[in-house]
Amino acid sequence: MQKWFCILTLLISCQVYGQDKKAQFYFEQAEKEFKLRKYNDAQINFEKFIMRDTTQPLAFYRLGQIHESFRNISKAKEYYLRTIKKDTNSASYPNAYMYLGSRALEESQYHHAKNFLNIALRNTQRNTKAYEQIQRQIRRADLGIKAMENPLNIKPIKLPSVINARERQYFPVLTADGNTLVFTAITSNEDEDLFLSFKENGQWTTPKPISSIINTPNNEGTCTISADGKIMVFTSCEGRNSYGSCDLFITRKEGDTWTEPQNLGPNVNSPYWDSQPSLSPDGSRLFFSSDRPFGVGKKDIWMSAVDEQGKWSKATNLGPGINTPENEVSPFVHANGSSLFYSSNGREGLGNHDIYMTNIQEGFKSESINLGYPINTPGDESGLFISADGKSALYSKQEGDNTYIYEFKVPEELSEQFERIYYIKGFIKDSQTKKPLYSSIELVNTKNGERVSRFLSDPITGDYMSTLPEEGEYVMYIETPGYFFKSLKFDFKEGNSDQELDILLTKIEKENKETLDNIFFDTGSAAIRPESEIELKKVVTLLKENPDLKVEISGHTDDVGNDKANMNLSIQRANAVVEYLKGKGIHAQRLVAKGYGESQPKVKNDSDKNRQLNRRIELKVL
């Protein structure tokens, strides 16, 4: 190539020599300066040359190269366009066509990009890196053409100025109910901190620094919070006890305060860059980006899980189904626990970093879907957050030197690709004193008996929030030492709404009783149905943890049928429960079975719903 340009330069010089010696001098001097990388001087002399002679494409090409080195895009484009205008056979300057194609890609001019790049490809040697790069860019242009022909109906709206009050704010996250917003912002003294805002009467409150325990004079940011807002993991760079340049720290909310942040330890953090965390809705799994070695690419997405003792497992790489030889960053796990969104520049997309979605419910080998235009553009996209109900999304957008947080309604063609979730929230209190209780909460899928999540209520306020990962039947168990456990059944189907429910627990004291809502029998039968197993195991645990407890198991019916039959059925059902408990090691002397038939209704027998409430098993302390 260099030899070719020398010959071309000589030919031009000879031609110029026959026309204008001054022009020849400017051209030859400019070429010498260009080869010595004295670009400022070369620019002056090439410009003097084209003032005298506009017929030579090499002069325009050199000026394009000079302005490309100066990163002056508009001037580089101008001179490369003038170059190819003079290049009548479209064969001599493939780099000019490649540059123009690349810039057209950045400006979403995909048809123009493809035209330029096809010419560049025809005149580039096969089996070279440049050839492969042009091929990738042509595929990007094809993807862009298709995406813009089928754009998502998205109309981003900048969040109110009360949120976008600074020059730079980004990486927004929400709790499952959408009422608490946490984001990162650059303060006036160039410090990166976390800020907190609440939605009150449909309006966001003025953001405040999240906590002096979390924010320091060094940089803290890029956080994630569990669905209930009780657990936060954030990135801290410099200033804290760290293993590497940036580490992940965890803190928990108790009342209105946050606990002292703790480094997640060497199983999660490394001597390298560890950042951009995302918690699963129950806080049991942590996804993050890291440039540590032994991954698939430069920056990869990794995952760690926490056990019931609070110990985090050794972080594992999500593998080539997610990660590429380039960069995967900004993971976000939706509140449904199965949809993973992330940003990558290692896949063929619309821009440098595009946002993709994949399903992680069955491992990390599902196809990754590009979210399309205009979520993805020729620029860099990252930091997407989709609300738990799947209706709205937040992201940060750069505008010049500033960065603002935007919101948009999630279009149907995107929302239908992932499950929305429902949430239940409220307070757990003592049934008599109404004092807040610190309780353990377990969510169980009744279909398969598997535990979906386990978490705690706030130790100070007693508030809780639980998310349901998909439609179906669930039982939520609430347990507090010294109290009867409470079980609540929920059947969430399409069209249901989120629920707010305060839960009252009864102390284990003489004559106090609790309804066992999730013990079921076939109609007119004392045979315990299989789905009662979960609840019965809870009763066994309660009795084993309170070895001195003696209880009455009582059966109750509704008013359908005759009194005698109902009395006999209630006794038979109470005995069936007692026999189960005895079979699990509970001594018979601690158990009394009684049947009350229809004589002690909880509510009036005036509807099918009320009759169902009256058909029950109760446990009473003797």
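Biologist: What is Arg 590 in contact with, leaving aside its neighbours within four places in sequence?
Modeller: In this predicted model, Arg 590 is in contact with Leu 543, Asn 546, Pro 547, Asp 548, Leu 549, Lys 550 and Val 551. The residue sits in the loop between α11 (563-583) and β33 (591-595), and its side chain reaches the backbone oxygen of Asn 546 at 2.7 Å.

Biologist: What makes Arg 590 count as buried?
Modeller: Its relative accessibility is 15%, and the cut-off for buried is under 20%, so Arg 590 counts as buried.

Biologist: Why is the pair of Lys 538 and Glu 442 called a salt bridge?
Modeller: A side-chain nitrogen of Lys has to lie within 4 Å of a carboxyl oxygen of Glu. Here the N to O distance is 2.5 Å, so the pair qualifies as a salt bridge. It links distant parts of the chain, with Lys 538 in helix α10 and Glu 442 in strand β24 (residues 440-445), 96 residues apart.

Biologist: How do you know whether Lys 538 is buried or exposed?
Modeller: Lys 538 has a relative accessible area of 13%; with the limit for buried at under 20%, Lys 538 is therefore buried. Glu 442 is buried too, with a relative accessible area of 13%.

Biologist: How do you know that helix α10 has the span expected at 1.5 Å a residue?
Modeller: Helix α10 (residues 533-545) has 13 residues, and the expected span is 18 Å. Buried residues of α10 include Ile 534, Leu 536 and Val 540.

Biologist: What about helix α8, and what does its span agree with?
Modeller: The 21 residues of helix α8 (residues 129-149) should span 30 Å, and the end C-alpha atoms are 30 Å apart, which agrees. Among the buried residues of α8 are Tyr 131, Gln 137 and Arg 140, and what covers the buried residues includes α6 (94-106) and α7 (110-122).

Biologist: Why does Asp 228 have no salt bridge?
Modeller: The nearest side chain of opposite charge, Lys 230, is 6.5 Å away, and a salt bridge needs a distance within 4 Å, so Asp 228 has none. Asp 228 lies in the loop between β7 (219-225) and β8 (231-237).

Biologist: And what leaves Glu 33 with no salt bridge?
Modeller: For Glu 33, in helix α2 (residues 21-35), the nearest side chain of opposite charge is Lys 38 at 6.9 Å. The cut-off is 4 Å, so buried Glu 33 has no salt bridge.

Biologist: Which parts does the salt bridge of Arg 292 and Asp 274 tie together?
Modeller: First, the side chains meet at 2.7 Å, N to O. Arg 292 lies in the loop between β13 (285-290) and β14 (300-305) and Asp 274 in strand β12 (residues 274-279), so the pair ties together parts that are 18 residues apart in sequence. Both Arg 292 and Asp 274 are buried.

Biologist: Stepping back to the whole protein, how do you know that it is more spread out than a compact globule?
Modeller: The secondary structure comes to twelve helices and 34 strands. The radius of gyration is 34 Å, well over the 25 Å that the globule rule gives for 622 residues, so the protein is more spread out than a compact globule. Its C-alpha atoms fill a box of roughly 125 × 50 × 45 Å along the principal axes.

Terms used. Residues are numbered from 1 along each chain as its sequence is written. This is a predicted model: local features need pLDDT of at least 70, side-chain atom pairs count only at pLDDT 80 or more; totals for chains, interfaces and linings use all residues. Side-chain values use heavy atoms; hydrogens and water are left out. Helices (H or I, at least four residues) and strands (E, at least two) are DSSP runs, numbered from the N terminus. The expected span of a helix is 1.5 Å times one less than its number of residues. Buried means under 20% relative accessible area, exposed over 50%, partly exposed in between (1.4 Å probe, protein chains only). Contact means heavy atoms within 4.5 Å. Lys and Arg count as positive and Asp and Glu as negative; His and the chain ends are not counted. The radius of gyration is taken over C-alpha atoms; the globule rule is 2.2 Å times the number of residues to the power 0.38. A polar contact is a pair of N or O atoms within 3.5 Å; within protein, one must be able to donate a hydrogen and the other to accept it, and residues adjacent in sequence count only if both atoms are side-chain atoms.
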